[in-house]
Amino acid sequence: MTRVVVTGLGVKSPAGNTVGDAFAAVLAGTSSATVIPELAGGRAPIPIGCPLAPFEPLDYFTGRELRTLDRTSQIGLAAAADAVADAGGPPAGACGVYVGTGGGGLATLENLIVGHTLGREKVPVYAVPTLMSSSTASRIAIRYGFRGPCLTVNTACASGATAIGEALRAIRSGAIGSAVAGGLDALLSPLAMHAFARVGALSERVDAPAEACRPFDADRDGFVMGEGAAFLVLERADLAEARGARVYGEVSGYAANCDADHIVTPLKDGSVAADCMRAALRDAGLAPGDVGHVNAHGTSTPHNDSAEAAALHACFDGRTPPVTSTKGVTGHLVGGAGALEAVLALLSAREGLVPPTANFTGGPEADLLDIVHGKPRPIPVAPVLSNSFGFGGSNACLVLTPSPSS
Amino acid sequence: MTSLDSATSVVRSAIAEVLSVPSDQVRPEATIADHQIDSLEWVEIAVIIEEKLGIQLEPGDFAGARTVADMAGVLHAALATR
């Protein structure tokens with residue numbers, strides 16, 4: 001089997017805008033959730049979220065470029081640029097771009113419709129180039145001249161993991177030698193937040209934002225919206241070695257499937273998600289006992305976390321390795337979630353240190369799982385399973401195998 | 001009627017807005033090729049001019065213009081005939 005290695009990482013997230021900052025923040029285990037001024041004062045029923053850490057677009061773009069980019073593309077393109085720079089040179093071979101997004105240009109469309117309807121502004125020349133959900137993928141390709149496939153995938157909240165997994169398959173197939181793969185979303189807008197609140201997905205703990213996202217905890221009541229992006233540079237191992245690239249580890253396994261059951265609620269017994277986890281481990285050539293820890297989807301919704309606990313319990317036959325959900329710190333980045341968690345999971349696996357699940361104190365899921373909480377847990381360096389599940393029943397599981405850190 | 005100076009000023013500020021630079025950095029004698037203005041930026045320039053002066057120009061109307069001053073000449077002539 002062709003090995004595919006990770007040679008570059010880039011993040012723009014509520015936990016920090018460098019990989020080091022984000023990893024340190026999840027190890028510290030403190031939620032980044034807060035009241036969002038733009039959503040307060042009745043503009044959205046749930047005014048809390050995890051905003052991007054302070055970000056200066058002019059560090060990445062000229063004023064001329066900035067006029068043509070919406071916030072989603074700015075964040076995504078900046079994270080991808082960090083990953084490419086971190087890879088220490090152009091990725092080897094024909095390079096593809098694989099981007100996962102759940103919301104695409106939704107927040108931009110919302111602003112445009114409001115402005116246009118109220119007669120405040122004309123339709124900008126850059127409306128289509130910013131609204132098309134493939135915009136960021138194309139911007140990445142244009143910036144670097146990557147002429148491999150340029151794909152945007154949407155599996156809702158699993159999109160980032162799906163993009164990485166599909167890039168892995170494309171490299172294994174021989175179609176491309178490398179890829180920039182990841183995900184993004186920036187949905188802290190009044191309409192998007194109203195819509196997620198309507199389906200009952202958001203935590204209503206608005207008076208205590210930092211306690212709102214509490215994955216697997218008995219008192220959890222919903223997820224907290226986050227915004228951000230993460231990208232990885234993936235290269236065929238022999239090509240990366242030939243150019244002397246620094247290697248973080250491998251994306252060693254991937255599987256995707258669908259509950260085919262309900263448009264927002266996961267299958268209660270987690271059986272299809274468990275199949276997805278098993279298939280990802282098989283794809284990596286690993287047995288359940290080889291896995292050192294799990295970075296769970298762990299959204300903090302009552303339904304997700306109970307179904308995921310059941311799925312993990314089944315996949316690992318009752319012997320689940322330590323489980324964490326970094327969403328307790330970062331919030332839920334929707335299309336960015338699976339990509340950010342792939343980055344954090346690989347770093348955790350490489351450092352042998354599992355971040356605590358913020359705000360977890362106990363609950364029925366702890367009877368099934370060993371949920372890391374309170375402080376980071378040292379573990380042996382070993383492969384990690386990173387789960388991502390999306391509305392509509394989309395499941396995507398990645399296995400990342402670390403290289404020893406030098 | 002808009003003077004040639006006024007037309008020049010409008011063209012310079014439209015280009016400057018698209019390039020995100022101060023107007024005084026868009027010199028009348030500068031060649032348009034220097035700025036590598038792409039097709040969407042041409043549309044934006046036409047839209048900005050329309051918003052300021054109420055005259056509808058197509059990006060193609062500037063096809064023969066080599067310099068910023070040439071563009072101002074095109075605009076001035078168009079304003080004179082409306």
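Helices here are DSSP runs of H or I with at least four residues, strands are E runs of at least two, and both are numbered from the N terminus. The model is predicted: local features need pLDDT of at least 70, side-chain atom pairs count only at pLDDT 80 or more, and totals for chains, interfaces and linings use all residues. Residues are numbered from 1 along each chain as its sequence is written, while chains are lettered from A and ligands numbered from 1 in the order in which they are written.

An unreviewed UniProt entry annotates residues 1-402 of chain A as "domain: Ketosynthase family 3 (KS3)". Such positions follow the numbering used here, feature names are shortened, and annotations may be inferred rather than shown by experiment.

Chain A is also split into domain 1 (4-242) and domain 2 (251-402). Those bounds come from an automatic or database domain assignment. The C-alpha centres of domain 1 and domain 2 of chain A lie 20 Å apart. Across the boundary, 65 residues of domain 1 of chain A are in contact with 57 residues of domain 2 of chain A. Contact means that the C-beta atoms, placed from the backbone, lie within 7 Å. On the domain 1 side, β1 (4-12), α1 (19-28), α7 (159-173), β6 (178-185) and β7 (228-236) of chain A each supply at least two residues. The largest share, nine residues, comes from α7(A). This side of domain 1 of chain A has 37 nonpolar, 21 polar and seven charged residues. Ala, Val, Leu, Ile, Met, Phe, Trp, Tyr, Cys and Pro count as nonpolar; Asp, Glu, Lys and Arg count as charged; the others, Gly among them, count as polar.

Now follow α7(A). Its axis comes within 5 Å of that of α13 (residues 337-351) of chain A, and the two cross at roughly 65°. Axes are lines fitted to C-alpha atoms, for helices over the stretch in contact, with angles from 0 to 180 degrees between N-to-C directions. α7(A) and α13(A) are therefore roughly perpendicular, a label for angles of 65 to 115 degrees. S159(A), G160(A), A161(A), A163(A) and I164(A) of α7(A) meet A337(A), G338(A), A339(A) and A342(A) of α13(A). This contact has six nonpolar, three polar and no charged residues.

Next, the sheet. Ten strands of chain A form an open, mixed sheet in the order β5-β4-β6-β7-β1-β8-β14-β13-β9-β10. Strands pair if DSSP finds at least two bridges between them. β5 (150-153) and β10 (323-324) of chain A are the edge strands. β9 (residues 293-295) and β13 (residues 384-390) of chain A run parallel, joined by three bridges. N295(A) has S386(A) as its bridge partner in β13(A).

Finally, chain B. UniProt places "domain: Carrier" (unreviewed entry) at residues 5-79 of chain B. That stretch of chain B is 56% helix and 0% strand. Six residues of chain A are in contact with six of chain B.

Definitions and conventions. Two residues are in contact if their C-beta atoms, placed from the backbone, lie within 7 Å. Angles under 35 degrees count as roughly parallel, over 145 as roughly antiparallel, 65 to 115 as roughly perpendicular and the rest as oblique.
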